[in-house]
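Subject: Structure handover

Hello,

Here is the structure I promised to pass on. Please open it next to this note; my findings follow below.

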Amino acid sequence: MLVFTLVSIVAAEEEGGWAGADEKAEEAIGEIAPHYEPWFSPIWEPPSGEIESFLFSLQSAIGALIIGYFLGYYKGKKVQE
């Protein structure tokens, strides 16, 4: 409950919403060098922000599972010895 409250307070005070680092970097580059042209474009861009968020969450979950597996494996191996 405490975490939810803290996240709600931070979200309410933040002006830009939940903008990602890529969006903020793009805005900063636009202010510094307005005529900048990117070197390349993405191969595939998700059709909506929700799908992009889902893919990011899925990537995070897979990474957490892999890290958790190896931490558990080595912890279990250490206990057996």
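A helix here is a DSSP run of H or I with at least four residues, and helices are numbered from the N terminus. By that count, Asp22 lies in helix 2. Please keep in mind that this is a predicted model.

Charge first. The surface carries a patch of negative charge. Its members are Asp22, Glu23, Glu26, Glu27, Glu31, Glu45 and Glu52. Which element gives the largest share of the negative patch? Helix 2, residues 21-32, supplies five residues.

Is Asp22 buried or exposed? Its relative accessibility is 65%. The cut-off for exposed is over 50%, so Asp22 counts as exposed.

Now the rings. There are three aromatic pairs in the structure. Tyr69 and Phe70 make one of them, an edge-to-face pair. The centres are 5.3 Å apart, with 80 degrees between the planes. Tyr69 is exposed, at 52% relative accessible area. Phe70, at 42%, is partly exposed.

Tyr73 and Tyr74 also pair. Their ring centres lie 5.3 Å apart and their planes meet at 75 degrees, so this pair is edge-to-face too. The angle decides that label, because planes over 60 degrees apart count as edge-to-face. Tyr73 is partly exposed, with a relative accessible area of 42%.

Which residues form the aromatic cluster? Tyr69, Phe70, Tyr73 and Tyr74 come together in one.

Best wishes

Key:
Residues are numbered from 1 along each chain as its sequence is written. This is a predicted model: local features need pLDDT of at least 70, side-chain atom pairs count only at pLDDT 80 or more; totals for chains, interfaces and linings use all residues. Side-chain values use heavy atoms; hydrogens and water are left out. Patches are made of residues with over 30% relative accessible area and no salt bridge: like charges are joined within 9 Å, nonpolar side chains (Val, Leu, Ile, Met, Phe, Trp, Tyr) within 5 Å. Accessible areas come from the Shrake-Rupley method with a 1.4 Å probe; for residues, only the protein chains shown count as cover. A salt bridge is a side-chain nitrogen of Lys or Arg within 4 Å of a carboxyl oxygen of Asp or Glu. Lys and Arg count as positive and Asp and Glu as negative; His and the chain ends are not counted. The place of a charge is taken as NZ of Lys, CZ of Arg, CG of Asp or CD of Glu. Helices (H or I, at least four residues) and strands (E, at least two) are DSSP runs, numbered from the N terminus. Buried means under 20% relative accessible area, exposed over 50%, partly exposed in between (1.4 Å probe, protein chains only). Rings of Phe, Tyr and Trp (its six-membered ring) pair if their centres lie within 6.5 Å; planes under 30 degrees apart count as stacked, over 60 as edge-to-face and the rest as tilted.
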